[in-house]
Structures are given as C-alpha cells and as structure tokens.
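Trainee: Could you take me through this structure slowly, beginning with the general idea behind each feature and then turning to the case at hand?

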Amino acid sequence: MLIGELAERAGVSTRTLRFYEQQGLITARRAANGYRQYDESDLRLVAQIRSLLAAGFTLEDTRPFVDCLRSGHATGDACPEPVAVYRRKLAEIDAEIATLVRRRADVAAQLARACPGCTVPQEATDDHRDQRDLRRAGPERPGPRPGRLLGRLVPAVQDDRADP
C-alpha cells in the first residue's frame with residue numbers, strides 16, 4: 001500500500017509516517033518509481049506506536065515494542081524489553097501520583113491557613129496503595145440505574161462480570 005492509504009487506515013498523517021520512518025520506527029520499501037510501499041505489518045507497527053503514545057509513552061519508549069513485533073511476535077509486549085518499559089513507566093506514574101498527593105496536601109494546608117472557616121475538600125481514596133484491581137478500588141458502586149444516551153432514557157444494564 002502507498003503512504004496515503006497507510007495514513008488513512010492508521011488514522012495518522014503522511015507527515016507522521018515520514019517522521020516515524022525518519023526515527024527508524026517503520027521502514028518503507030521503495031517502488032521503481034520511488035514511491036514508498038508499506039504492508040499490513042507496517043499498519044500493526046503504527047497502531048502499536050499510536051496506542052503507546054496515547055497511553056503516555058514517549059516515542060523512544062515504543063522502540064522495544066516495535067522491535068518485538070518486527071522479530072515475529074504476535075504482540076509488541078511479548079519480549080522482555082517491553083515488559084521492562086512497562087515497569088519503568090509504572091514507576092514514573094507512581095512517582096507522579098506521589099508528587100501530586102504531596103502538592104494537594106500543601107495546597108489544602110495553604111487553604112486551611114488562608115481561610116480557617118472554609119471546608120477543605122476531602123482527599124480521594126488512594127487507590128494505588130494496595131495494588132489491587134483499580135476497578136474494585138474505592139467505595140462500592142451502587143446497582144445499575146437508568147441513564148440517558150443521546151437525550152433518550154435507556155434502561156439499566158446489570159453487570160454480570162465476575163468480580164475477583
């Protein structure tokens with residue numbers, strides 16, 4: 001497929017694809033007329049890169065995932081290097097959360113000093129402390145309730161997934 005088709009199918013611009021090629025993340029084959037040629041494996045690479053970028057990884061972080069896919073693995077995280085990137089990213093996120101919790105405490109203390117009669121909003125539960133499934137963290141969710149979708153009332157749907 002040509003660069004325009006890959007761009008359209010991947011939901012990116014041709015400029016983005018050229019940048020990924022410049023960075024060595026994807027490699028285009030050249031047709032006799034000089035046009036860039038791509039195949040389905042390139043679409044998988046671009047999808048992996050976009051997914052990781054959307055999750056907050058840097059472009060450099062995507063390299064081990066791309067290399068893992070290129071080496072023939074079904075997923076980009078089937079190799080040890082991407083797992084190490086996941087672990088490092090989780091450590092970074094945990095450090096950011098700790099920094100935000102400290103910042104929040106500082107701002108709450110400043111508010112309490114500036115306005116002794118004001119109510120300081122309560123801290124949310126630190127769902128990361130016990131390392132359990134985040135879906136189960138916090139207070140129990142109430143049962144299903146009807147809601148609205150596009151302005152129309154929709155019935156409640158029971159969540160029948162098994163909770164661990």
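Trainee: What should I keep in mind about the origin of the model and its numbering?

Mentor: This is a predicted model, in which local features need pLDDT of at least 70 and side-chain atom pairs count only at pLDDT 80 or more, while totals for chains, interfaces and linings use all residues. Residues are numbered from 1 along each chain as its sequence is written, and side-chain values use heavy atoms, with hydrogens and water left out.

Trainee: How many helices and strands does the chain have, and in what order do the elements run?

Mentor: Helices (H or I, at least four residues) and strands (E, at least two) are DSSP runs, numbered from the N terminus. Here the chain has 5 helices and 4 strands, and from the N terminus on they follow the order α-α-β-β-α-α-α-β-β.

Trainee: What share of the residues counts as buried?

Mentor: Buried means under 20% relative accessible area, exposed over 50%, and partly exposed in between, with a 1.4 Å probe and protein chains only. By that rule, 20% of the 164 residues are buried. As for contacts, which are heavy atoms within 4.5 Å, residues 24 or more positions apart supply 40% of those in the chain with a separation of 6 or more.

Trainee: How do I read the packing of two helices, and at what angle do α1 and α2 pack?

Mentor: Axes are lines fitted to C-alpha atoms, for helices over the stretch in contact, and angles run from 0 to 180 degrees between N-to-C directions. Angles under 35 degrees count as roughly parallel, over 145 as roughly antiparallel, 65 to 115 as roughly perpendicular, and the rest as oblique. Helix α1 (residues 3–10) packs against α2 at about 105°, with the axes 9 Å apart, and therefore α1 is roughly perpendicular to α2. In this pair, I3, G4, L6 and A7 of α1 meet T14, L17 and R18 of α2.

Trainee: Which residues make the contact between α2 and α3, and how do they divide by class?

Mentor: Helix α2 (residues 14–22) and helix α3 (residues 40–54) pack at about 95°, their axes being 12 Å apart, so α2 is roughly perpendicular to α3. From α2 the contact takes T16, L17 and Y20, and from α3 it takes V46, I49, R50 and L53. For classes, Ala, Val, Leu, Ile, Met, Phe, Trp, Tyr, Cys and Pro count as nonpolar, Asp, Glu, Lys and Arg as charged, and the others, Gly among them, as polar. The contact of α2 with α3 accordingly holds 5 nonpolar, 1 polar and 1 charged residues.

Trainee: How are α3 and α4 oriented towards one another?

Mentor: α3 and helix α4 (residues 63–70) pack at an angle of about 155°, with their axes 10 Å apart, so α3 is roughly antiparallel to α4. R44, L45, Q48, I49 and L52 of α3 meet F65, V66, L69 and R70 of α4, and by class this contact has 6 nonpolar, 1 polar and 2 charged residues.

Trainee: Where is P82 found, and which residues does P82 contact?

Mentor: P82 belongs to helix α5 (residues 80–114), and P82 is buried, with a relative accessible area of 0%. Leaving aside neighbours within four places in sequence, P82 is in contact with P64, F65, C68, G76 and D77.
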